[in-house]
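Welcome! Here is a short briefing to read alongside the structure.

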Amino acid sequence: MKKLYFGSNLKMYKGIKETKSYLQRLIDNTKDLNREEMEIFIIPSYTALSDAVKCIDEKLIRLGAQNMCWEDEGQFTGEISPRMLEELGINLVMIGHSERRHVFGEYDAEENRKVRAALNHGFKALLCVGETEEEKNYGIAEEVLRTQLKVGFYNVDAEKGKNLWVAYEPVWSIGVNGVPATSGYAENMHKIIKETLRDLFGLAGEEIPVLYGGSVNPQNAESLIVQPSIDGLFVGRCAWDADKFNALIRSAEKAYREKM
Ligand code: PGA
């Protein structure tokens, strides 16, 4: 049976105190779940990372950063470097979240520099990809995903592929105005992603987990996780209450086990 991934990006919502109590509650809630079969990760705000590291058991919850500069140091006002994350004990970084691309204007070649910097530091790099509504309507979603992956992972050795994760998050599905992708649509796009990863990395590409994100909720989590090409769920709003996230993880895991 494949390992399942459940994670949440806390965006710009929880401060230090809230992050700590959220993590403590999530650990209490989920500590009995077998971590050989499942990975749970949380991506808090930068300002909460240092305290968050102190209050988790990394065997239970992996912490990640929401973004990162590609340089170790330099004249990059307002940026956070891989070395700074290393110093905190962080070993996962999310790259190219839709809000970074569409609100802050990041582009594929930039994501590639960040991916390579993350891998050079031994981090796991979680690259987010996804088409906009306009791209979907033009019928070019598949090409967009292939481009984002090929540029995002340009010049990455297959041997480093073991530290890559991908999240498929169609832009039109994210956030309060988002419409969740149907499980069938998501599965088709995950297949394209997996094919592209195989083209890029050969057999090593098959080991890269591909998570679905974008309005995951208690109603659709089960039908998404049972899809053969979906390895995990990357959840926003419906994960920000630790009890609700715990319930979602358990029901999705149960649905997956029953289907196997
Ligand atoms: P959402 O966020 O679940 O609130 O749509 C998903 C994301 O931005 O990763």
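**A buried arginine**

In this predicted model, a polar atom of the Arg101 side chain lies 2.9 Å from the backbone oxygen of Gly96. Residues are numbered from 1 along each chain as its sequence is written, and side-chain values use heavy atoms, leaving out hydrogens and water. Because the model is predicted, local features need pLDDT of at least 70 and side-chain atom pairs count only at pLDDT 80 or more, while totals for chains, interfaces and linings use all residues.

- Arg101 is found in helix α4 (residues 98-102); helices (H or I, at least four residues) and strands (E, at least two) are DSSP runs, numbered from the N terminus.
- With 9% relative accessibility, Arg101 counts as buried; buried means under 20% relative accessible area, exposed over 50%, and partly exposed in between (1.4 Å probe, protein chains only).
- Leaving aside neighbours within four places in sequence, the residues in contact with Arg101 include Glu106, Asp108, Glu111 and Cys128, where contact means heavy atoms within 4.5 Å.

**The sheet**

- Eight strands form an open sheet with parallel pairing, in the order β3-β2-β1-β8-β7-β6-β5-β4; two strands pair if DSSP finds at least two bridges between them.
- At the edges are β3 (62-63) and β4 (92-95), each pairing on one side only.
- Strands β5 (residues 124-129) and β6 (residues 164-168) run parallel and are joined by five bridges.
- Cys128 stands opposite Ala167 in β6.
- Helix α1 (residues 16-30) lies across β1 (4-9), β2 (38-43) and β3, at about 170 degrees to β2; axes are lines fitted to C-alpha atoms, for helices over the stretch in contact, and angles run from 0 to 180 degrees between N-to-C directions.

**The nonpolar cores**

- A nonpolar core is a set of buried Ala, Val, Leu, Ile, Met, Phe, Trp, Tyr and Cys residues joined through side-chain atoms within 4.5 Å.
- The largest one has 67 residues, among which Phe153 and Leu233 touch the most other members.
- Helix α10 (residues 242-259) gives the most to this core, with seven residues.
- A second, separate core of 11 residues includes Leu92, Cys128, Trp165 and Phe234.
- Leaving aside neighbours within four places in sequence, Leu233 is in contact with Tyr5, Phe6 and Leu248, among others.

**The cysteines**

- How many disulfides does the structure hold? It holds zero disulfides, a disulfide being a pair of cysteine sulfur atoms within 2.5 Å.
- The closest cysteine sulfur to that of Cys238 is in Cys128, 18 Å away, which is too far for a bond.
- Cys238 counts as partly exposed at 27% relative accessibility, whereas Cys55 is buried, with a relative accessible area of 17%.

Methods. Polar contact = N/O pair within 3.5 Å; in protein donor to acceptor, adjacent residues only side chain to side chain.
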